[in-house]
Amino acid sequence: MNRLVKSDFKRFFKDKLFLVVIILAFVFAVITPLLYVAVFGAMGEIDPMTEEMLSGYVNAKGQFFGAFSFGNNLGLIAPLLIGIILFKDFSFGTIRNKIISGHSRTSIFFSIFTVCTVMLFGIVLAHALLTLAVSLPFFDYQSTPFVLSDFWYLLQSLLFEFFVYLFAAAFMSWLCVTQKNVGMVIVMYIAVVFGATMIAGILQMVLIVIRENPKMENVVSVLDFVQRINVFNSSASIGLGTSYKAEDFVYFVFVPLVFTSGLTAHGIWKFSRKDLK
């Protein structure tokens, strides 16, 4: 298993698409903060009240956590490019060679999953940290002074983001072993991510309208639950506050782990039955 993982990492690093992902991560990390700077500069002088209001929405903290969003720049592109790299094992027939060499299909799946998890979360985390570094000279980290509790909140948020991306890696690994070609991997991933984010956006608008209606309390509870278990929308909620409740650990850790376990089990089962040509 270790030899298989090392081999997959080596092949991943040698792929030219890996360099493309790194370049995109760097470009997006630099451009996004500078766009905010340009927008603020174009606005000219603004009154203190408006400036204070905007600082609550546009700050280094918001840009940092926004970098993890699946519908935002690298968060959408990186999983696709990583999936394309991983699927080359199937396109070029390398998977059959691994099986002939004595590797089980289960170990091959876990190797794909391991590489996908490390590379996906590692690249997005590096992208987010670079975004933070570029934005800090122009924006405050947040509207209030940074204290020790904010540091622990940051660490908890990164832990939650890891579990969200663990799920994303499981989903991409599942796609790689279940789909017949790389085109279907791309189409399926985009369809699911866009579908999940679109549903989240629609439900958010519905909740804004009905939340204050006492008669709709049960409906609000159901819709809130649906929102919270939408893992592809979790990154939009992580990092928005200053502390987490106990239920947040359930939705940001337990739920992604349940979906990750389900995708892993089904992926191994489908891969074991897959006819490799």
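**A helix pair and a pocket**

Guide: Let's start with a space: the second largest pocket here has a volume of about 370 Å³. The model is predicted, with local features needing pLDDT of at least 70 and side-chain atom pairs pLDDT 80 or more, while totals for chains, interfaces and linings use all residues. Residues are numbered from 1 along each chain, and side-chain values use heavy atoms, with hydrogens and water left out.

Visitor: What makes a residue part of the lining of that pocket?

Guide: A lining residue has an atom within 4 Å of a pocket point. The second largest pocket has 18 of them, and Arg-228, Ala-236, Ser-237, Leu-240 and Phe-252 lie nearest its centre.

Visitor: Which helix gives the most to this lining?

Guide: That's α10, with three residues. α9, α10 and α11 (246–273) each supply at least two.

Visitor: How do you know which residues make the contact between them?

Guide: Contact means heavy atoms within 4.5 Å. On the α9 side, the residues include Ile-199, Leu-203 and Leu-207; among those of α10 are Val-220, Leu-223 and Asp-224.

Visitor: What classes do the residues of that contact divide into?

Guide: There are 10 nonpolar, two polar and one charged. Ala, Val, Leu, Ile, Met, Phe, Trp, Tyr, Cys and Pro count as nonpolar, Asp, Glu, Lys and Arg as charged, and the others, Gly among them, as polar. The lining of the second largest pocket has six nonpolar, eight polar and four charged residues.

Note on methods: Helix = DSSP H or I, 4+ residues; strand = E, 2+ residues; numbered from the N terminus. 1 Å grid on protein atoms, 1.4 Å probe; cavity = no way out; pocket = protein on both sides within 12 Å on 5 of 7 lines; lining within 4 Å. Points joined across faces, edges and corners; volume = space filled by probe spheres on them.
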